Amino acid sequence: MPRTWLTDRFGLDVPLVGAPMAGVGDGRLAAAVSAAGGLGMIGVPGSAPAPWIVEQAAVAAAGGRPYGIGLMAWALEHHPAQLDAVLEAGPALVSVSFGNFAPYVEPLRRAGITVAVQAGTTREAREAEQAGADVVVARGGEGGGHGRDEVATLPLLQGVLEEVTVPVLAAGGIATGRGLAAVLAAGAAGAWAGTAFLGCAETMLPEAARARVLATGETGTAYGRVFDVAQRLAWPPEFGGRALRNAYFERWHGREEELAGDEAARAELEAARAAGDFDTAYVYAGQAVGMVTRHRTAADVVADFAAADNLLRRLTDDH
C-alpha cells in the first residue's frame with residue numbers, strides 16, 4: 001500500500017479508518033479493524049455513560065494496536081463526562097464533530113491525542129483547521145448515519161484539498177478498494193468508511209438489521225430527520241441522518257413538525273426498536289450499502305480495501 005500521513009501517523013497497513021458508528025461499532029469492531037491493519041473506531045452514542053466508554057476502550061486497546069473514538073460535539077455539552085472518559089482512555093485518534101467542536105480540540109491535543117473533525121462543507125473544513133484539528137474528514141452526503149447532505153463526496157474532497165493544509169480523509173460512499181484508490185489518487189491521506197462494515201459479525205447490529213442491510217440496493221437509503229425527531233433527540237437540524245428507507249420514514253418524511261408532538265408515533269418507534277421490527281425501526285447506512293451483499297468479517301473488509309494497491313499500481317504501470 002502507498003504510505004500516507006495516515007499510515008505513518010498510526011503505523012497502519014492500509015490507509016483506512018473504520019468510521020465511528022454509534023450503536024453499531026463498539027470496542028469489538030474497533031479492535032477487529034485495527035487488528036486487520038486499519039484504524040478501528042468506537043462510536044459513542046449521545047447519552048453513553050463514561051464507564052461504558054472506558055470499558056469499550058479497554059476492549060479496543062487489548063490487541064495493542066492504535067484505535068480511535070468518535071464523539072458528538074452537541075452531546076458533549078450535555079454529557080461532559082464523556083470527554084473525561086476519553087481523556088482517561090487515551091486513544092490514538094478522537095473525532096469530535098457535529099456541533100460546536102472547537103472547545104474540545106485543544107484539551108484532546110494537549111493529552112497527546114490526534115484530533116479529527118468531520119466536515120460536510122469546505123467552510124466547515126476551514127473552521128476545523130482553524131480550531132486546531134490535526135486532520136479533516138471530508139464527509140459527503142452519500143455517507144451513512146448523521147452529517148450534512150449538502151455536498152457529495154467527490155466535489156467536497158476536491159474543494160477541501162484546495163482549501164486546507166492539514167491532511168484530509170475522504171468519507172461517504174467509499175466501500176471497496178476501488179473507492180480507496182480513487183480518493184488516494186485525488187490526494188486524500190486515506191478513507192473513512194462505515195457502511196462497508198455493516199455486514200460484519202463484529203458489529204452490534206441485530207441479525208434482522210444485518211439481513212436488511214444485505215438485501216438493500218444502492219437506491220435503498222433516504223436522508224432526513226424523521227428518526228431523530230421521533231426520538232426527541234437534540235441533534236442540530238443541519239445534521240440529518242441517512243438510513244435504510246422504510247415504511248415509518250416514508251410515512252413521516254415531510255411531516256416532522258407533526259411528528260414532534262405525536263407521542264403515539266414516538267412510542268411506536270421505541271417499541272419497534274425493542275422488537276427488532278425494521279419496517280419501523282432504523283438502520284443507518286450510506287449509499288454504498290448496495291455493495292454490502294454478504295456476511296464477512298472486519299478482516300475481510302479491510303483486505304478488500306487493500307486491493308487499492310493493485311489498482312494504483314496498474315494505473316502507474318499503464319503510464
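A salt bridge is a side-chain nitrogen of Lys or Arg within 4 Å of a carboxyl oxygen of Asp or Glu. Welcome to a predicted model, in which local features need pLDDT of at least 70, side-chain atom pairs count only at pLDDT 80 or more, and totals for chains, interfaces and linings use all residues. Residues are numbered from 1 along each chain as its sequence is written, and side-chain values use heavy atoms, leaving out hydrogens and water.

**The barrel**

- Eight strands form a closed barrel with parallel pairing, in the order E1-E2-E3-E4-E5-E6-E8-E9; strands (E, at least two residues) and helices (H or I, at least four) are DSSP runs numbered from the N terminus, and two strands pair if DSSP finds at least two bridges between them.
- Strand E4 (residues 93-97) runs parallel to strand E5 (residues 114-119), joined by three bridges.
- Val-94 stands opposite Val-115 in E5.

**Salt bridges**

- The whole structure holds 19 salt bridges.
- Arg-123 pairs with Glu-127 in one of them, with the closest N and O atoms 3.4 Å apart.
- These two residues are separated by about one helical turn, because they lie four residues apart in helix H7 (residues 122-130).
- Arg-123 is exposed at 59% relative accessible area, while Glu-127 is partly exposed at 34% (buried means under 20%, exposed over 50%, partly exposed in between, with a 1.4 Å probe and protein chains only).
- Arg-148 forms a salt bridge with Glu-124, the closest N and O atoms being 3.0 Å apart.
- Both partners are buried: Arg-148 at 17% relative accessibility and Glu-124 at 5%.
- Arg-9, Glu-106, Arg-109 and Asp-134 are linked in a salt-bridge network.
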